[in-house]
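Here's a quick tour for anyone opening this model for the first time. Have a look at it, then read on.

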Amino acid sequence: MNKKNIFRTLGIAALSAVVFTSCNNSAPKMDEKQDAAQPASTTDMKIAFVEVDSIMSQYKFCKEYSLVLQKKSNNARNTLAAKEKQLQTAAANFQQKLQNNGFASRQQAESVQAAIQRQGQDLQELQNRLGSELDAETAKFNKALRDSIQNFLKDYNKAKKYDLIISKAGDNILYADKRHDITMDVINGLNNRYKAKVEKK
C-alpha cells in the first residue's frame, strides 16, 4: 500500500470513528434503564448517515492536508533514494577497488569499509526519523480532522436532533434510504466553516 492510500485509510478510519459516535446528547444510553411505561422503540429514532468517501474527497481541509502529506512523503522518499544510491555507489567502488588491490594498505581498506558502514547506519537512522515525522504529521491530520467533524456535528445536531449519525464507507452498510443521507449538508457546512477560518488568518 503506498503512502497516499495509507493517508486515505487513516483519514477514513478517523472520520468513521467521529461520525459513528456522533449523536444527540439527549438520546438514551445503552446502560440506562428505560421507563417500564415507555419502552424504547427503534421507530422513534432519528437516524442519518454520512458518506465517508465523499467527505474525504470533497472536504477542502482533507484535500489540502492530503496534498501536504503527499508532498512530504515524496520529499522523504526522494531524499532516501538519493542517499541509498550514494551508498550503493560507494559500496560498489569499494568492492571494485578491493578486488583490484587499489588500497595502499589493509588499514586503509578497513577505514573505507567502516565509513561505508557508518553511511549505511546514517541512512537507516534518517529513514527512521523521516518515517516518525511523517507518522506524527499524519496523526496531527487525523486529530484535526476528527476535531473539525466533531465540532461541526455538535452544532449541526442542535437543530437536527438526530439520535444517531453513522458513517457509510464502501459497503459497510448493506442498505440505506437516501432520505437519511446528510452527506452534502455536512460537506457544505464543513467547507463553509473551513473557508471562514482560513479567511480570518
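Helix H4 (residues 106–160) runs for 55 residues and reaches 80 Å from its first C-alpha to its last, close to the 81 Å expected at 1.5 Å a residue (the expected span being 1.5 Å times one less than the number of residues). Keep in mind that this is a predicted model: local features need pLDDT of at least 70, side-chain atom pairs count only at pLDDT 80 or more, and totals for chains, interfaces and linings use all residues. Residues are numbered from 1 along each chain as its sequence is written, and side-chain values use heavy atoms, with hydrogens and water left out.

**Overall layout**

- The chain has five helices and two strands, where helices (H or I, at least four residues) and strands (E, at least two) are DSSP runs numbered from the N terminus.
- The chain has 201 residues, and 31% of them count as buried (under 20% relative accessible area with a 1.4 Å probe, protein chains only; exposed is over 50%, partly exposed in between).

**H3 against H4**

- H3 and H4 pack at an angle of about 170 degrees, and their axes are 10 Å apart; axes are lines fitted to C-alpha atoms, for helices over the stretch in contact, and angles run from 0 to 180 degrees between N-to-C directions.
- The two helices, H3 and H4, are therefore roughly antiparallel to each other, a label for angles over 145 degrees.
- Sorted by class, the contact of H3 with H4 has 21 nonpolar, eight polar and five charged residues (Ala, Val, Leu, Ile, Met, Phe, Trp, Tyr, Cys and Pro are nonpolar, Asp, Glu, Lys and Arg charged, and the others, Gly among them, polar).

**Rings**

- The structure holds eight aromatic pairs, meaning rings of Phe, Tyr and Trp (its six-membered ring) with centres within 6.5 Å; planes under 30 degrees apart are stacked, over 60 edge-to-face and the rest tilted.
- One of them is the tilted pair of Tyr65 and Phe141, at 5.1 Å centre to centre with 45 degrees between the planes.
- That pair links distant parts of the chain, with Tyr65 in helix H3 (residues 60–99) and Phe141 in helix H4, 76 residues apart.
- Tyr65 and Phe141 are both buried.
- Ring pairs also join Tyr59, Phe61, Tyr65, Phe141 and Tyr194 into a cluster.

**Loop residues**

- Asn101 sits in the loop between H3 and H4 and, although not a glycine, has a positive phi of about 55 degrees.
- Lys161 follows H4, and its phi is positive too, near 55 degrees.

Key
Parallel < 35°, antiparallel > 145°, perpendicular 65-115°, else oblique.
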